[in-house]
Structure formats: C-alpha cells, structure tokens
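Please open the model in your viewer and keep the selection tool at hand. The tour moves from one selection to the next.

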Amino acid sequence: MNILNAGHWEREVVDATVVALRELGVALEVEPPSAGEQRGDLRPDGYAVVRLDGREVRYPVEVKRGLRPSTAALLAAQVGEGLLISDHISPAVGDLLRARGVQYVDSAGNAHLRGAGVLVDVRGRRAREGVARSVRKASPLFTRAGLPVVLAVLEEPRLMEAPLREVQARTTVSLGSVQKVMAHLREQGYRASDTPDEGRWRRLYDGWVAAYLAGPRDDALVGRYSTRLRPDDVVRALADGDVTLSGESAARAAGYDIAPVTLDLYVRDSVGPAVTAGRLRPDPDGTVTVRRPVWTPGSERELGRGGPTHRLAPGPVVYADLLALQDPRGEHLAEEWRSHGTRLQPRT
C-alpha cells in the first residue's frame, strides 16, 4: 500500500485496519491520489474504497494516530466527509466523531461507516498491541522537546533562516533539541519564504494542536479554580501581572464579541499573586485553569490601547484551548479565530 506521504507507522496502521475489517466481512482498499491532482499538503493522504455486500463507497482518507476526545473537533474539520483511519479509536472518541458525522475505521476493527446501502457500526474493541507499539515513535516535530520549537516557527516562519540560538530563545528546550527539529523541518521542505497559509503549514499547525491536546496541555496544568468574579473582572484584576491569557478570554481581549464563561491562564512563576488578585480558590471542577507555558515571552502578543495591557498566548495555543472546551460555542469561536489565517491573528 502506497499512500501519499506515508511513513512506516501509517502503512502499519492501514495494513492492520484492512485485516481487521476483513474479519468483519468488509473489504477496504487504499490507493494514493492520482498524479494529476493538485500538489500540496491539503490533498488527502489517499482514497479508500469500502466494499460490503456487493456495494461500494469511495472516500478521501486521512490517517491519524493517538486520538483523544479533545481533538475530536479538530479531526472533524480536517476529515469532513472523508474517512478517518487510526491506530485506535476509543469509545469516547468514537461517540464524539459520530456526533460530528465523521466516518472512521481503526486497526482494532472499530468502525462507523454510512453510505448508499452501507452501514457498519462497531465499538469497544481494544487496540492491537503490535500496532500500538509501532506507532508510539512520534515525529520529532511533535515530541515534548519538539513542540516548543514548532510553535516558535509557526508564529514566526522567518526563524527557519535564523541562527539556532535565536530560535532557542523563543523556546524552553535545549539547543540540541532545537537543532534536531529545525533540521527535520528543513528536510520536510519548510522555508521562511513560504506563504503562511500554504497547505504544508496548515497541516503542521493542525499537527501541533493535536499533539499539544494529546498530553502536554494536561501535563502543564497547575490547578483548577473557581471564583465569584466574572471572567472579565478577573482579567482586569490580573492586568499587567505575570499572567498570559488564552482561550475565550484571549479572544475577548483581541476584540471578539463574546462573554467568556471560562478562563485559561498561563503563569511562569508563582501562582500566588494571580490566586490572590483573582480571588481564586482550588476547585477540581472550576472554570479557571492555570498552566505553565511551553514558550517564552517573546512568542506572546501584547494588547492594550490606552488601558490595561494583556498578554496573549501564541495563536496555536489559543486555538487549542478553545477546541478543548468541547462545546459548539467554543468550536465556532475557534473556527472564526482560525479563519483569519494559519497564525490565527486576531481582528484589529
């Protein structure tokens, strides 16, 4: 099987999925895009033909791995009316994908397929250990050390031609990690002269967001809190402090006409001043979250015209925190925010 841009793990996932579906009486074939199709990373990974009981349905294909509930909205936007193939889709992820109309199959045989005369709905199968081991080796771009470097480059593509130490100054990782990631990006064809909205950059952006939501975002959590103050009042109380806004409040500060009900904060040093100023109290179900950033202040944007100055997290972080709300309101705002470009620059 030879799908577009397929690495070893992608081929393993697709091959295992073909076998798993065959056991269910479903034939799956995956083929590459035709040579005449438009080049670029926005085209699908390939095309799938599903055959069942003499009927046949054809889909564009996206191959993904390590899926979590927090990435369901992102996947729905990427896959659209195509077919998602993954190493494993848990019941929770499957419920969210079905609710969004996404059709999927995985290497364990879990599937949700609907077409002319075709209906396949299999849930709850466990991941195949052999495939799970083979896909654990992630691209260096989306490892814990790689994410800060990719984030810096996404915010400033000119860094592709900058000295490594200048790139490192925008990250929280070692110079060796920066060198490894930058070399891989160059090998993949990324250049400072690229148009920011070019397909390859959008896929890199989506890859970063999915990887961040799949673990590092949770690991960065300091605590959850509640407060009797409204989110806007908390933001005013924290103005000019060691606090960076993300999620709904970042969009609000950037000029979007919304009334935030959640508050995502990033704090580098002690959280004490923020807790005191915002009248925050620990609450595992609270709507205020405090995390540590994986970037340096140079990647933040300051907003403030004649009033308090607010620092905003990098665009991909804001987008990720909006998607993580997992509600239609957050997803709509995330897509509106994103529509202003790959770097997600807010309206001015």
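The stops below cover a group of strands and then a pair of helices.

This is a predicted model, in which local features need pLDDT of at least 70 and side-chain atom pairs count only at pLDDT 80 or more, while totals for chains, interfaces and linings use all residues. Residues are numbered from 1 along each chain as its sequence is written, and side-chain values use heavy atoms, with hydrogens and water left out.

Begin by selecting strand S4, residues 83–86 (strands are DSSP runs of E with at least two residues, helices runs of H or I with at least four, numbered from the N terminus). Leu83 and Ile85 on one side, and Leu84 and Ser86 on the other, are all buried (under 20% relative accessible area with a 1.4 Å probe, protein chains only).

To follow the chain from S4 to S5, select helix H3, residues 91–99, through which it makes a right-handed β-α-β crossover (clockwise from the first strand over the helix to the second, with the strands pointing away from the viewer).

Finally, select helices H13 (residues 315–323) and H14 (residues 328–338), which pack at an angle of about 160° with their axes 8 Å apart (axes are lines fitted to C-alpha atoms over the stretch in contact, and angles run from 0 to 180 degrees between N-to-C directions). H13 is therefore roughly antiparallel to H14 (an angle over 145 degrees). Among the residues making the contact are Tyr319 and Leu322 of H13 and Leu333 and Trp337 of H14 (heavy atoms within 4.5 Å).

Definitions and conventions: Buried means under 20% relative accessible area, exposed over 50%, partly exposed in between (1.4 Å probe, protein chains only). Angles under 35 degrees count as roughly parallel, over 145 as roughly antiparallel, 65 to 115 as roughly perpendicular and the rest as oblique.
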